[in-house]
Amino acid sequence: MPRRHTRARAAGAALAATAALLVAGLSGSASARTADAAEPSAPSAAQTLRTDAAPPALLNAMRRDLGLDRQQAQRRLANEAEAGAVAGRLRAALGTDFAGAWVRGTESGTLTVATTDARDVPAIEAQGAEAKVVRHSLADLDAAKARLDRAAAGRDTADAPVWYVDTRTNTLVVEAVRPAAARTLLAAAGVDRSLTRVTPRTERPRTFYDLRGGEAYYINNSGRCSIGFPVTKGIQQGFATAGHCGQAGYSTSGANRVAQGTFQGSVFPGRDMAWVAANSSWTATPYVNGAGGQNVQVAGSTQATVGASVCRSGSTTGWHCGTVQQLNTSVTYQEGTVSGVTRTTVCAEPGDSGGSYISGSQAQGVTSGGSGNCTSGGETFFQPINPLLTNYGLTLKTSGGGPEEPPPGGGTWAAGTVYQPGDTVTYGGATYRCLQGHQAQPGWEPSNVPALWQRV
């Protein structure tokens with residue numbers, strides 16, 4: 001047996017030694033951890049991500065848009081938190097066999113993990129997940145998409161405006177207004193056609209640029225966008241938003257027309273990220289503006305799983321919810337192509353640009369663009385928050401819950417750093433592997449949160 005599979009089987013055995021996680025219904029009380037990774041009192045993923053603190057505004061929007069009652073919405077958030085932790089551990093265990101993960105069902109009660117090797121099935125099923133054996137690994141599909149991104153640079157892709165890795169069908173999908181445009185793009189990229197699927201679409205995405213968002217602000221006393229998430233950079237306070245809302249040096253004022261701040265950095269197209277440094281009249285809070293003006297607390301930035309619920313705040317259309325369809329999507333707007341965004345079923349309209357996407361209490365990203373509207377339905381794309389934080393060296397303002405400074409432990413782990421799955425750190429004399437993308441914060445030390453870190 002190849003050494004890679006020996007390692008995967010050993011990791012699978014460690015996973016199987018845990019209390020098997022029944023994602024459907026029991027995730028809120030199950031503690032997903034490896035046998036030696038943490039103390040027995042370590043919190044579950046749902047506890048770590050504070051799904052029990054989901055605000056009424058978010059639960060109400062999930063009820064309206066996803067057809068859930070309050071209890072179903074709460075169970076769904078808890079299941080999605082636990083599923084993300086399980087998927088993260090299985091990703092680490094399966095290594096290059098891993099082909100993606102997603103949740104499904106009214107309460108996200110079923111987690112599916114895909115692998116390219118049938119010998120991984122027992123380790124996957126031991127964690128209460130369904131296993132799906134597929135042809136292509138996630139790494140191979142991501143590499144093919146990267147080739148497509150490079151080929152699209154400098155090309156007119158308006159007739160083939162969206163492409164992404166669809167883990168559920170194990171393909172690289174290109175959505176095209178004209179199928180010939182998709183075929184031309186794929187040929188230019190030299191992507192193996194066995195990896196790809198071309199699907200039709202009738203509408204070209206656009207940026208939601210000109211009016212409001214989650215909390216309205218004005219740019220150069222003219223156009224309006226929305227605050228995404230309050231952030232800090234050292235002692236400087238400000239907020240993250242969409243790059244297409246303004247360029248570095250542009251001034252901003254609040255919804256009350258009081259001078260607010262200045263764009264410090266902006267990227268668009270390519271990405272759709274920016275941040276604004278606020279003046280001393282404004283204070284960053286750990287909140288998103290919810291329905292009826294309610295405060296929706298932000299507790300972190302752990303990335304949601306494909307299929308998970310996600311809600312958006314926008315001043316044009318208010319709170320709307322849907323599900324995560326694909327990560328790492330590329331989309332062509334009239335201004336150019338943006339890569340690395342997340343595609344969702346949430347609707348939006350002009351004025352919602354820059355606004356907040358949140359799953360439970362976890363910040364996901366800022367509104368980029370989309371198609372359709374909130375009357376007939378639509379799709380949207382958001383710029384993930386963690387790459388934005390990394391790009392500008394920002395710290396997400398959260399509701400905290402942990403100590404102001406991490407307890408003594410030593411090592412390379414550091415609060416404020418954005419970690420991606422597979423990253424390794426040392427803390428307290430031990431080595432840990434990151435399971436889910438997130439920005440570290442006090443109280444989330446690796447030894448405390450087995451939902452985010454696995455001891456190795």
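Visitor: What should I know about the model before reading it?
Guide: The model is predicted, so local features need pLDDT of at least 70 and side-chain atom pairs count only at pLDDT 80 or more, while totals for chains, interfaces and linings use all residues. Residues are numbered from 1 along each chain as its sequence is written, and side-chain values use heavy atoms, with hydrogens and water left out.

Visitor: How many disulfides does the structure hold?
Guide: A disulfide is a covalent bond between the sulfur atoms of two cysteines. The criterion here is a pair of cysteine sulfur atoms within 2.5 Å. The structure holds three, and with bonded cysteines counted along the chain their pattern is 1-2, 3-4, 5-6.

Visitor: Which parts of the chain does the pair Cys 225 and Cys 245 link?
Guide: The sulfur atoms of Cys 225 and Cys 245 are 2.1 Å apart. Cys 225 is in strand β9 (residues 224–226) and Cys 245 in the loop between β11 (236–241) and β12 (251–254), 20 residues apart. Strands (E, at least two residues) and helices (H or I, at least four) are DSSP runs, numbered from the N terminus.

Visitor: What is the handedness of the link of Cys 225 and Cys 245?
Guide: The link of Cys 225 and Cys 245 is left-handed, with -85° about the S-S bond. For Cys 311 and Cys 321 the torsion is about 100°, so that disulfide is right-handed. Cys 311 lies in strand β17 (residues 309–314) and Cys 321 in strand β18 (residues 318–333), ten residues apart. The link of Cys 347 and Cys 374 is right-handed, with 100° about the S-S bond.

Visitor: Is Cys 374 buried or partly exposed?
Guide: Buried means under 20% relative accessible area, exposed over 50%, and partly exposed in between (1.4 Å probe, protein chains only). Cys 374 counts as partly exposed because its relative accessibility is 23%.

Visitor: What is the bridge partner of Cys 434 in β28?
Guide: Two strands pair if DSSP finds at least two bridges between them. Strand β26 (residues 430–434) and β28 pair in the antiparallel sense over three bridges, and the partner of Cys 434 in β28 is Trp 453. Cys 434 is buried, with a relative accessible area of 1%. These strands belong to an open sheet of three strands, in the order β25-β26-β28.

Visitor: How many salt bridges does the structure hold?
Guide: Side chains of opposite charge can pair when their charged atoms come close. A salt bridge is a side-chain nitrogen of Lys or Arg within 4 Å of a carboxyl oxygen of Asp or Glu. The structure holds 15. One of them joins Lys 145 and Asp 149 (2.9 Å, N to O); both residues lie in helix α7 (residues 138–152), four residues apart, about one turn of the helix. Lys 145 is buried at 0%, whereas Asp 149 is partly exposed at 22%.

Visitor: Which residues are linked in a network of salt bridges?
Guide: Glu 175, Arg 201, Arg 343 and Glu 379 form the network. Within it, the closest N and O atoms of Arg 343 and Glu 379 are 3.0 Å apart. Arg 343 is in strand β19 and Glu 379 in strand β22, 36 residues apart. Arg 343 is buried at 14%, and Glu 379 is buried at 9%.
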